[in-house]
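Here are my notebook entries from an afternoon of looking things up.

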Amino acid sequence: MTEAVIIGVGLHPFGRFPGKPALDMGADAVRLALADAGVKWPQIQGGYIGSYEVANPDAIVGRLGLTGIPLRGVFNGCATAGTAIALAARAIETGEHDLTIAIGLDKHPRGAFAADPSVAGIPSWYGQTGLFLTTHFFGMKINRYMHEHGISHETLARVASKNFGNAAMNEKAWRRTPLTPEEVLASPVLNYPLRQYMYCGPDEGAAAIVLCRADQAHKYTPTPVRVRSTALRSRKLGAFEVQSPSFPVGEVVESPTVDASRAAYELAGIGPEDVDVAQLQDTDAGSEIIHMAENGLCKDGEQERLIAEGATEIGGRLPVNTDGGLLGNGEPIGASGLRQIHEIVLQLRGTAGARQIPGTPRVGYTHLYGAPGASAVTILST
Amino acid sequence: MTTTDATRAQQPVADGLFTWPPTADRPTRLIGSECADCGLVSFPAAPDCVRCASAESRQRLLADRGTLWTYTTQDFRPPSPPYDGPETFEPYAVGYIELPGELLVEARLTEPDPRRLRIGQAMRLTLVPYTVRDDGTEVVTFAFTPDDETVGSQEATT
Ligand SMILES: [Zn+2]
């Protein structure tokens, strides 16, 4: 099977852009990615595009050129971008196309998501009585995790402080004001034990990734980044997942992140010990801590020491969310995972500027998790 | 809907969620279901089994006592819709209560202070009027409350 490699990445800044439609942000990201790859839009043979807010994101061809290619809309909640990159890579691996694109774009209104529970297959009373908030799940999951594995409130604050500090070095990030752990701990509690500055917020942005066959990469770039594996998993019975009015008692069932992570490592022939830099879904500071273990990067409970030692900082042994993560960038759902890939590609090329991790990183890891219990992992290498 | 004196000013947030109205010989219980083929217990009652895909189930009243598995607080007013609580917002807590041998159920908790909640503590089912309609009707939902009686009796026996 042919291998897919990334030859171009483009990122529209994440944040608030009044008056600018999501499709225009997406088109800007695509133009950046095409320029980075040194290809023109008419050369692209097919692609996958994801969005939560835009019903027909494939309308972007009206901004880029009506070349007649198949551009398929994809959606998998917060794992949407993982699906877009996976399918764009798959189209190359199976020989369908030689040159593809993955695009994500979104433009969310301010404040927490306020959907009708019925769209998630959940009865109305769950929303009426104030249970239908995804933030509850994150508060409850880290509360139990802290109880079981000895994670402190200070560690939550250190994670948030690290990501805002990284975002301050990222000209395309949304939240660029560094905050000390003390300042994070002084912000109001929203869902115990999580505080205001421990949560990411929905915002706006776009990203695009151009891929081609590995054996043709030399035509475009001296530094292709290999897509070693992609994996997507949904929740299993018994796992504790977002938006669950109840779930069965019994043995602990692992999250879809554990399943997706194991599958991705196995497909890639790469182990957690080989990962040089990781981008993990940090919907909140607690999620980054839990996802370190669920992605095999440490054991449960080791985070307390690792984070105190600075292991996940840019100069540390395992840098996590070097571009500020979701905490620093916010979450335009369709684009979020491609923003992660964009950062890993810069890090593996050695062009991440002030955020560049030391040494010669070879393996990068990205992870998404969201409602109703879907997780996507992508492993990249030089 | 029954219109006895006791229930005239109250109505449940949804039918089929818990026994209603509560009476001395029919105390409040959550209404779940049990798969006729594999025995999986579900709440709210589900016609289709998510373990064995059977479409055969029977009603099952769930235990009214359990232990707090985890919890969090809600310190800002949730977006409306879907939330239809009062405009004047009072923070509340939510948690999962483990009903032994049945399931873990998510519910509002009557104690809003996280310092007075702890994982593993005994909890008891109750009903709370969580909002009031324009006509003055109180809308009632299920909640769990710290079961001090159980805690006390445990302490007395250990
Ligand atoms: Zn069954």
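**Entry 1: the largest cavity**

How do the residues of the lining of the largest cavity divide into nonpolar, polar and charged? I get five nonpolar, three polar and two charged. My classes take Ala, Val, Leu, Ile, Met, Phe, Trp, Tyr, Cys and Pro as nonpolar, Asp, Glu, Lys and Arg as charged, and the others, Gly among them, as polar.

Before going on, I note that this is a predicted model, where local features need pLDDT of at least 70 and side-chain atom pairs count only at pLDDT 80 or more, while totals for chains, interfaces and linings use all residues. Residues are numbered from 1 along each chain as its sequence is written, chains are lettered from A and ligands numbered from 1 in the order in which they are written, and side-chain values use heavy atoms, with hydrogens and water left out.

I searched the whole structure and found four cavities of 30 Å³ or more. A cavity here is a set of points on a 1 Å grid over the protein atoms alone where a 1.4 Å probe fits but cannot get out, and lining residues have an atom within 4 Å of a point. Grid points are joined across faces, edges and corners, and the volume is the space filled by probe spheres set on the points. The largest cavity holds about 60 Å³.

I listed its lining: A:F137, A:F138, A:K141, A:I142, A:D284, A:G286, A:S287, A:I290, A:H291 and A:Y369. For me, helices (H or I, at least four residues) and strands (E, at least two) are DSSP runs, numbered from the N terminus.

**Entry 2: helix α9 of chain A**

I then asked how many residues of α9(A) are buried. The count is ten of the ten, so the helix is largely enclosed by the rest of the structure. Buried means under 20% relative accessible area, exposed over 50%, partly exposed in between (1.4 Å probe, protein chains only). Among the buried residues are A:E288 and A:E294.

At the start of α9(A), I found a side-chain oxygen of A:D284 within 2.8 Å of the backbone nitrogen of A:G286. Just after the helix, A:G296 takes a positive phi of about 80 degrees.

**Entry 3: the α10 to α11 stretch**

A:D323 sits in the loop between α10 (303-308) and α11 (325-329) of chain A. A:D323 counts as buried because its relative accessibility is 2%. A polar atom of the A:D323 side chain lies 3.0 Å from the backbone nitrogen of A:G325. Setting aside neighbours within four places in sequence, I see A:D323 in contact (heavy atoms within 4.5 Å) with residues including A:N166, A:R339, A:E343 and A:R355.

A:N321 belongs to the loop between α10 and α11 too. Its phi is near 55 degrees, a positive value in a residue other than glycine. At 0% relative accessibility, A:N321 counts as buried.

A:L327 is in helix α11 and is buried, with a relative accessible area of 2%. Not counting residues up to four places away in sequence, A:L327 touches A:D284 and A:A285, among others.

**Entry 4: strand β1**

A:H12, in strand β1 (residues 4-15) of chain A, counts as buried at 4% relative accessibility. Its side chain makes a polar contact of 3.0 Å with that of A:K20. By polar contact I mean a pair of N or O atoms within 3.5 Å; within protein, one must be able to donate a hydrogen and the other to accept it, and residues adjacent in sequence count only if both atoms are side-chain atoms.

**Entry 5: cis peptides and the interface**

In chain A, a cis peptide bond joins A:A371 and A:P372, with omega about -5 degrees. A:P372 is in the loop between β11 (363-370) and β12 (374-381). In chain B, B:P81 and B:P82 are joined by a cis peptide bond with omega about 15 degrees, and B:P82 lies in the loop between β5 (65-74) and β6 (92-99).

Where chain B meets chain A, 42 residues of chain B are in contact with 35 of chain A. The two chains bury about 3200 Å² between them, 66% of it on carbon and sulfur atoms. I take buried area as the accessible area (1.4 Å probe) that two parts lose on being put together, summed over both. B:P82 turns up again here: with B:W69 and B:E106, this proline supplies 18% of the area that chain B buries against chain A, more than any other three residues.

Definitions and conventions
1 Å grid on protein atoms, 1.4 Å probe; cavity = no way out; pocket = protein on both sides within 12 Å on 5 of 7 lines; lining within 4 Å.
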